[in-house]
Amino acid sequence: MKSALQEMEQQDAGPALARNRHELSTIEPTPIESVMVNDPHSIEAEAIRALRTRLAAQHLREGRRSIAVCAAAAESGCTYIALNLAVAMAQAGVRTALVDANLRDPMIADLCGLPLSMPGLSEYLAGDSIAMADVVDTELMPNLAVIGGGEAPPNPQELLSGARFRGLVDQLLREYDLTIFDTAPAKICSDGLRVATMAGFSLIVSRKHQTYFEDMKTLAKQLRADRSVVVGSILNSF
């Protein structure tokens with residue numbers, strides 16, 4: 001039985017607790033660092049919508065449910081395209097999964113404001129103790145699921161080549177209309193090529209005045225050799 005003192009303390013604390021709960025309920029979620037959300041009327045957002053329209057017509061309509069966003073070199077805008085394309089697809093009602101498969105330099109979790117305590121792809125692939133539901137965030141916006149990269153592991157290529165990653169990809173393809181993979185630059189490692197092989201389809205990103213044409217040709221040749229269909233390329237100047 002509660003003592004009179006405990007009852008008095010709870011009564012005194014009641015209004016304060018109610019205010020705290022009200023204050024917490026009015027805190028807005030961390031916005032996604034996406035031009036589609038933060039500047040939807042910009043030229044950049046319109047360009048992403050044009051890419052969405054083309055992919056919907058020439059990729060999704062053919063029943064293709066995945067795509068790896070690849071780049072030859074760092075700072076080409078690969079993550080920028082992957083994130084904004086995923087948000088744009090979700091805004092159009094396409095059930096989309098965004099996976100940060102760049103385990104060398106994962107950025108998606110930070111850009112989407114995922115909880116620091118939330119495990120990512122690297123933790124999921126490293127063992128059987130973490131379930132897929134533990135690494136998928138579906139609360140950011142309707143029709144969008146996000147899997148962050150997690151902590152950068154010492155053996156990213158081995159993790160991305162394993163059966164557990166293949167199983168994850170297969171499950172995502174069953175559950176979502178489109179799964180988009182952000183990947184590491186090809187000149188740094190071959191991780192992106194492995195992910196593109198798993199996805200089956202790839203989109204090459206280059207940056208104006210920075211990416212060499214020969215590097216793009218080499219990447220396209222490598223992707224085709226690894227049995228990933230290159231659906232197109234993007235010249236990113238943002």
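Predicted model: local features only at pLDDT ≥ 70, side-chain atom pairs only at ≥ 80, totals over all residues.
The protein chain comprises 11 helices and six strands. Of its 238 residues, 43% are buried. Among contacts in the protein chain with a separation of 6 or more, 78% are accounted for by residues 24 or more positions apart.

Strands β2 (residues 96–100) and β3 run parallel and are joined by four bridges. Within this pairing, Val99 stands opposite Ile147 in β3. In a regular strand the side chains alternate between the two faces of the sheet. Strand β3, which spans residues 144–147, has Leu144 and Val146 pointing one way and Ala145 and Ile147 pointing the other way. Each of these four residues is buried.

Helix α10 covers residues 191–199, and eight of its nine residues are buried, so the helix is largely enclosed by the rest of the structure. The buried set consists of Asp191, Gly192, Leu193, Val195, Ala196, Thr197, Met198 and Ala199. These buried residues pack against both helices and strands: the helical partners are α8 (156–160), α9 (163–175) and α11 (213–225), and the strand partners are β1 (66–71), β4 (178–182) and β5. Just after α10, Gly200 adopts a positive phi of about 90°.

Strand β5 extends over residues 201–207 and includes Leu203. Leu203 counts as buried because its relative accessibility is 3%, under the 20% limit for burial. When neighbours within four places in sequence are left aside, the contacts of Leu203 include Ile67, Ala68, Val69 and Cys70. Leu203 is also in contact with Leu51 and Ile81, and with a run of residues consisting of Val231, Gly232, Ser233 and Ile234. A separation of 25 residues in sequence lies between Leu203 and Ser228, whose C-alpha atoms are 9.7 Å apart in space.

Asn236 belongs to strand β6, formed by residues 229–236. With a relative accessibility of 1%, Asn236 is likewise classed as buried. A polar atom of the Asn236 side chain lies 3.1 Å from the backbone oxygen of Ser76. Ser76 is also listed among the residues that Asn236 touches once those up to four places away in sequence are not counted, together with Gly77, Tyr80 and Ile81.

Attention now turns to the open spaces of the model. Rolling a probe the size of a water molecule over the atoms shows where empty space is left. The largest pocket holds about 350 Å³ of space. Its lining is made up of 21 residues, and those nearest the centre of the largest pocket are Glu75, Gly77, Cys78, Thr79 and Met107. Helix α4 (residues 78–91) supplies five residues, the largest share of this lining. By residue class, the lining of the largest pocket contains 11 nonpolar, six polar and four charged residues.

A total of 18 residues line the second largest pocket, with Ala109, Leu116, Met118, Gly150 and Glu151 nearest its centre. The lining of the second largest pocket is divided into nine nonpolar, five polar and four charged residues.

Notes
Residues numbered from 1 in each chain as written. Heavy atoms only, no water. Helix = DSSP H or I, 4+ residues; strand = E, 2+ residues; numbered from the N terminus. Buried < 20%, exposed > 50% of the residue type's maximum accessible area, 1.4 Å probe, protein only. Contact = heavy atoms within 4.5 Å. Polar contact = N/O pair within 3.5 Å; in protein donor to acceptor, adjacent residues only side chain to side chain. 1 Å grid on protein atoms, 1.4 Å probe; cavity = no way out; pocket = protein on both sides within 12 Å on 5 of 7 lines; lining within 4 Å. Points joined across faces, edges and corners; volume = space filled by probe spheres on them. Nonpolar A, V, L, I, M, F, W, Y, C, P; charged D, E, K, R; others polar. Pairing = 2+ DSSP bridges.
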